[in-house]
Amino acid sequence: VQLQASGGGLVQPGGSLRLSCAASGSIFSIDALAWYRQAPGKQRELVARISNINTTNYADSVKGRFTISRDNAKNTVYLQMISLKPEDTAAYFCHAKVRVSFYLPIYDYWGQGTQVTVSS
């Protein structure tokens, strides 16, 4: 299973970006999907998470500005980010809990990260 993240870039404060992360490979089902971020010198932190029944939760720092969604037909998770701030600058990683077979447990997979830089 591979996770391919895209959509990062350089944006001015107050701007918007939409991240995408597509899962591919031998996938039976995908449970929860999430976005994490890691700024230089800091620990990786959970940004947003969406369950297989579309229950969502967000870090307090992004509530009201970020929206996570998923397209199960495309095995893809999105992160719509608006009103971006310089403190949102980080490498953003997607994470998926995937079952590759009905008979096997759920495993964790990570994408390669996409850089988001918020600067004027």
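This is a predicted model: local features need pLDDT of at least 70, side-chain atom pairs count only at pLDDT 80 or more; totals for chains, interfaces and linings use all residues.

Select the 12 positive and 7 negative charges of the chain: their mean positions are 2 Å apart.

Next, display the whole chain as a cartoon. The secondary structure consists of 11 strands and 0 helices, and the order along the sequence reads β-β-β-β-β-β-β-β-β-β-β. The radius of gyration is 14 Å, close to the 14 Å that the globule rule gives for 120 residues, so the chain is as compact as a globular protein of that length.

The chain exposes about 6,500 Å², of which carbon and sulfur atoms supply 50%. Buried residues account for 38% of the 120 residues. Among contacts with a separation of 6 or more, 53% join residues 24 or more positions apart.

Now hide the surface and turn to the interior. In soluble globular proteins, nonpolar side chains tend to be buried together. Here the largest nonpolar core has 29 residues; select Trp35, Val47, Phe66, Val77, Leu79, Met81 and Tyr92 to see those with the most contacts inside it. Colour the elements that give two or more residues to this core: strands S1 (2–6), S3 (17–24), S4 (29–38), S5 (45–50), S7 (66–71), S8 (76–81), S9 (90–99) and S11 (114–118). The largest share, 5 residues, comes from S9.

Centre the view on Tyr92. Which residues is tyrosine 92 in contact with, leaving aside its neighbours within four places in sequence? The contacts of tyrosine 92 are Leu19, Trp35, Tyr36, Arg37, Val47, Phe66, Leu79, Met81, Gly113, Thr114 and Val116.

Two backbone positions complete the tour. Most residues other than glycine have a negative phi. Select asparagine 54, in the loop between S5 and strand S6 (56–58). Its phi is near 65 degrees, a positive value in a residue other than glycine. Is asparagine 54 buried, exposed or partly exposed? With a relative accessible area of 48%, asparagine 54 is partly exposed.

Finally, move to serine 83, in the loop between S8 and S9. Serine 83 is not a glycine, yet it has a positive phi of about 50 degrees. Serine 83 also counts as partly exposed, at 36% relative accessibility.

How values were computed. Residues are numbered from 1 along each chain as its sequence is written. Side-chain values use heavy atoms; hydrogens and water are left out. Helices (H or I, at least four residues) and strands (E, at least two) are DSSP runs, numbered from the N terminus. The radius of gyration is taken over C-alpha atoms; the globule rule is 2.2 Å times the number of residues to the power 0.38. Buried means under 20% relative accessible area, exposed over 50%, partly exposed in between (1.4 Å probe, protein chains only). Contact means heavy atoms within 4.5 Å. Accessible areas come from the Shrake-Rupley method with a 1.4 Å probe; for residues, only the protein chains shown count as cover. Lys and Arg count as positive and Asp and Glu as negative; His and the chain ends are not counted. The place of a charge is taken as NZ of Lys, CZ of Arg, CG of Asp or CD of Glu. A nonpolar core is a set of buried Ala, Val, Leu, Ile, Met, Phe, Trp, Tyr and Cys residues joined through side-chain atoms within 4.5 Å.
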